[in-house]
Amino acid sequence: MKVRLLSIGKDRSGLFEPAVQEYARRLEHYTRFELLELTEASGRKLKPGEAKSAEAAAILGKRKPQDWVVALDERGTLLDSVELSRYVAKAQTGAKDLLFVIGGDEGLDDSVRGAAHQVMSLSRMTLPHRLARVVLIEQLYRAFTILKGEPYHK
């Protein structure tokens, strides 16, 4: 199984990247893990809504046939840590790879949500995209420790 985390844009503040790299290192103990960062389309001179469409095309272009796409969206389903671990286990059992997608400043285009196997929310609150990436990668690490019966999740 391979888990990929695709996000739009980079952490310009430098606050979140060390945590992302730490959890990415930890995750590699359990699965093949890859971080993918795509360039924001909003920096180009596009009309409102065109950035989302351009980002959607780039996102969907990274999808592979064996991927279960999980789109992160505040309107998605809230899962607790154990439910996320069950979802990961189901993907493992089904020989599927997971592609988690975090959109840019304008969020995800409907086409990405429509192509997703699961639309998931990390919180009912709006989170900065860079912080959402840290939360998600920590929860993925937690999910694998739950599946292995390790004491990280108490």
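Guide: UniProt positions are given here in the numbering of this chain, and such annotations may be inferred rather than shown by experiment. The model itself is predicted.

Visitor: Which residues does UniProt list for "binding site"?

Guide: The unreviewed UniProt entry lists Leu72, Gly103, Leu122, Ser123, Arg124, Met125, Thr126 and Leu127 under that heading. Of these residues, Leu72, Gly103, Leu122, Ser123, Met125, Thr126 and Leu127 are included in the lining of the largest pocket.

Visitor: Why is Arg124 called exposed?

Guide: Arg124 has a relative accessible area of 73%. The term exposed applies over 50%, so Arg124 qualifies. Arg124 is placed in the loop between β5 and α5.

Visitor: What makes Leu122 partly exposed?

Guide: The relative accessible area of Leu122 is 27%. Buried requires a value under 20% and exposed one over 50%; Leu122 lies in between and is therefore partly exposed. Leu122 also sits in the loop between β5 (118-121) and α5. Leaving aside residues up to four places away in sequence, Leu122 touches Leu72, Leu78, Leu127, Ala132, Val135 and Leu136.

Visitor: Why is Gly94 described as partly exposed?

Guide: For Gly94 the relative accessible area is 40%, which again falls between the limits of 20% and 50%, so the term is partly exposed. Gly94 belongs to the loop between α3 (81-93) and β4. Its C-alpha atom is separated by 9.7 Å from that of Gln66, 28 residues apart along the chain.

Visitor: How do you know that the buried residues of α1 are on the same side of the helix?

Guide: The buried residues of helix α1 (residues 17-27) are Val20, Tyr23, Ala24 and Leu27. They cover an arc of only 105 degrees around the axis, and therefore lie on the same side of α1. As a general rule, an α-helix has 3.6 residues a turn, so residues three or four places apart point the same way.

Visitor: What do the buried residues of α1 pack against, and which exposed residues does the face turned away from them carry?

Guide: The buried residues of α1 pack against β2 (32-38) and α5 (129-147). The face turned away from that buried side carries the exposed residues Pro18 and Arg25.

Visitor: How confident is the predictor in the protein chain?

Guide: The protein chain averages a pLDDT of 92, and 97% of the residues score at least 70. Confidence is lowest in helix α2 (residues 50-61), at a mean of 92, and highest in strand β4 (residues 97-102), at 98. Where pLDDT is low, predicted coordinates should not be read in detail.

Notes: Residues numbered from 1 in each chain as written. Predicted model: local features only at pLDDT ≥ 70, side-chain atom pairs only at ≥ 80, totals over all residues. Heavy atoms only, no water. Buried < 20%, exposed > 50% of the residue type's maximum accessible area, 1.4 Å probe, protein only. Helix = DSSP H or I, 4+ residues; strand = E, 2+ residues; numbered from the N terminus. Arc of directions from axis to C-beta. Contact = heavy atoms within 4.5 Å. pLDDT = per-residue confidence, 0-100. 1 Å grid on protein atoms, 1.4 Å probe; cavity = no way out; pocket = protein on both sides within 12 Å on 5 of 7 lines; lining within 4 Å.
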